[in-house]
Amino acid sequence: MGGEVDVDGLQFDPGLSRQIESVYTTPDVVEQRRVVRAALALRPGDRVLDVGVGPGLLAAEMAGEVGPDGRICGIDISESMLAIAGTRTDVPGGPGIELELASAARIPHPAESFDVVVSTQVFEYVDDVARALEEVRRVLRPAGRVVLLDTDWGSLVWRSSDDERMARVLTAFEDHLADPHLPRTLADVLARSGFTLTHEQVVPILNTAYDARTYSAGLIDIVSDFVPGHAGVTEDDARAWADDLRSLGPSYFFSLNRYLFVASAL
Ligand SMILES: C[S@@+](CC[C@H](N)C(=O)[O-])C[C@H]1O[C@@H](n2cnc3c(N)ncnc32)[C@H](O)[C@@H]1O
């Protein structure tokens, strides 16, 4: 975690950062990025800010799209995430990706610096979303676009042999976010922050068999590392919960919705 920025909940330390990088290379999340890039509709020369750039996978894909005359900047509050993103800054045919340790609450760029701001799976961790949107609006040029994607954990359907334990583990996991249900209020907050919504879309993830190379298999590791000590969940509970899911084989079922919003700073 970066020294001068202060955040509660999940600590994006070196171990978790590597876990997230691995989960974000699964076909489920590669497909999610394809949907995000379609919504972004970047053109050569676009100047783009990625808020919460994470492992830099989206930033690298965007660099190829904006080309050498464009600009890709990424900020993040986690030094370990920035270290991983730093391995992806040189994309053939793209501009060098510029990375900085900074929070969405205080974006270190002058007004009207960007044509597009994108932030995927980040605002759900942000304490003051209205403040972050104020910052996004400030750094966007007039009529610039913001693209946000977040999970509503209320959309989760995850089959288990023990529904009561599953409910306790998921309640405990909600502690890792500032708002586990952000998407249901996000269109409203965007409008109140002066943005005009131009596109909205559900982006589902569906895994119908246990497979190590899926998003939800990686999520099992992240959840079981996080939940002990939260909402009364013990190490043993977390281990038994994870073992159960991994043993379900073809009976396994996981479904979760992300929500994508595109809005214009008119
Ligand atoms: C789940 S990861 C998503 C990473 C990336 N956006 C992606 O979709 O691949 C969340 C990222 O948001 C960063 N983050 C959390 N709160 C933040 C904040 N207030 N400002 C900037 N980054 C933040 C974390 O450090 C982490 O890298």
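Predicted model: local features only at pLDDT ≥ 70, side-chain atom pairs only at ≥ 80, totals over all residues.
Which polar backbone atom is 2.6 Å from a nitrogen atom of the ligand? I looked, and the backbone atom belongs to Gly52; I count a polar contact as a pair of N or O atoms within 3.5 Å (within protein, one must be able to donate a hydrogen and the other to accept it, and residues adjacent in sequence count only if both atoms are side-chain atoms). The ligand taken alone exposes 590 Å², and the protein buries 97% of that (Shrake-Rupley areas, 1.4 Å probe; for residues, only the protein chains shown count as cover).

Residues are numbered from 1 along each chain as its sequence is written, and side-chain values use heavy atoms, with hydrogens and water left out.

Back to the ligand: I also found a polar side-chain atom of Asp76 2.5 Å from a ligand oxygen, and one of Thr120 2.6 Å from a ligand oxygen.

Next I checked Asp46. Asp46 is buried (under 20% relative accessible area, with exposed over 50% and partly exposed in between; 1.4 Å probe, protein chains only). I found no salt bridge for Asp46 (a side-chain nitrogen of Lys or Arg within 4 Å of a carboxyl oxygen of Asp or Glu); Arg43, the nearest side chain of opposite charge, is 4.4 Å away. The backbone nitrogen of Arg43, though, lies 2.8 Å from a polar side-chain atom of Asp46.

Last, Ala60: I have it as buried because its relative accessibility is 17%.

How values were computed:
Lys, Arg positive; Asp, Glu negative; His and termini not counted.
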